[in-house]
Amino acid sequence: MKLNPAIALIFFVGVSFIYFGISCLFTKFMEDEFIRYNLASYRKIIGILQLMGAFGLLVGLYASPKLIFFAAAGLGILMLAGFAVRLYIKDSFLLSSPSFIYAVLCILICYIYYPKL
């Protein structure tokens with residue numbers, strides 16, 4: 001497989017979400033954050049969804065453009081929801097911006113891979 005900007009982006013986002021998913025499942029910091037968001041009961045499912053999306057992106061590089069598209073779409077929706085939650089609880093835009101940036105990156109991946117469906 002030849003490395004191009006789209007593959008580098010998928011790899012970056014996929015590895016990032018492996019980190020985020022593991023962090024969500026196992027760190028005290030994220031446990032406290034989900035309590036602050038008033039979403040403590042959703043922390044584990046969100047961590048699992050992040051890991052599933054990450055592995056969908058990375059496996060999709062070898063298996064199927066459709067898998068990449070749907071994994072990116074799922075992660076994009078998850079990040080848009082995360083961004084909305086952060087704004088709802090009155091976090092600043094700057095503090096909320098990582099979820100927005102990752103949503104944009106996921107939407108960009110969807111845009112790149114939509115014609116390959």
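Helices here are DSSP runs of H or I with at least four residues, numbered from the N terminus. Before we go on, note that this is a predicted model, in which local features need pLDDT of at least 70 and side-chain atom pairs count only at pLDDT 80 or more, while totals for chains, interfaces and linings use all residues. Residues are numbered from 1 along each chain as its sequence is written, and side-chain values use heavy atoms, with hydrogens and water left out.

Let's look at the patch itself. L80, L87, F93, F100, I101, V104 and I107 make up about 610 Å² of nonpolar surface. Such a patch joins nonpolar side chains (Val, Leu, Ile, Met, Phe, Trp, Tyr) within 5 Å, from residues with over 30% relative accessible area and no salt bridge. A salt bridge would be a side-chain nitrogen of Lys or Arg within 4 Å of a carboxyl oxygen of Asp or Glu. The areas come from the Shrake-Rupley method with a 1.4 Å probe, and for residues only the protein chains shown count as cover. Helix α5 provides the largest share of the patch, five residues, and F93 lies in this helix.

Now follow α4. At the start of α4, a side-chain oxygen of S64 comes within 3.0 Å of the backbone nitrogen of K66. After α4 comes K90, with a positive phi near 75°.

Which residues of α4 are buried? They are I68, F69, A71, A72, L75, G76, L78, M79, F83 and R86. Buried means under 20% relative accessible area, with a 1.4 Å probe and protein chains only. Their cover includes α1 (5-26), α2 (28-36), α3 (43-63) and α5.

Leaving aside neighbours within four places in sequence, R86 is in contact (heavy atoms within 4.5 Å) with E33, R36, Y37, D91, L95 and S96. A polar atom of the R86 side chain lies 3.4 Å from the backbone oxygen of L95.

Finally, turn to S23 in helix α1. S23 counts as buried because its relative accessibility is 12%.

Technical notes:
Patches are made of residues with over 30% relative accessible area and no salt bridge: like charges are joined within 9 Å, nonpolar side chains (Val, Leu, Ile, Met, Phe, Trp, Tyr) within 5 Å. Helices (H or I, at least four residues) and strands (E, at least two) are DSSP runs, numbered from the N terminus. Buried means under 20% relative accessible area, exposed over 50%, partly exposed in between (1.4 Å probe, protein chains only). A polar contact is a pair of N or O atoms within 3.5 Å; within protein, one must be able to donate a hydrogen and the other to accept it, and residues adjacent in sequence count only if both atoms are side-chain atoms.
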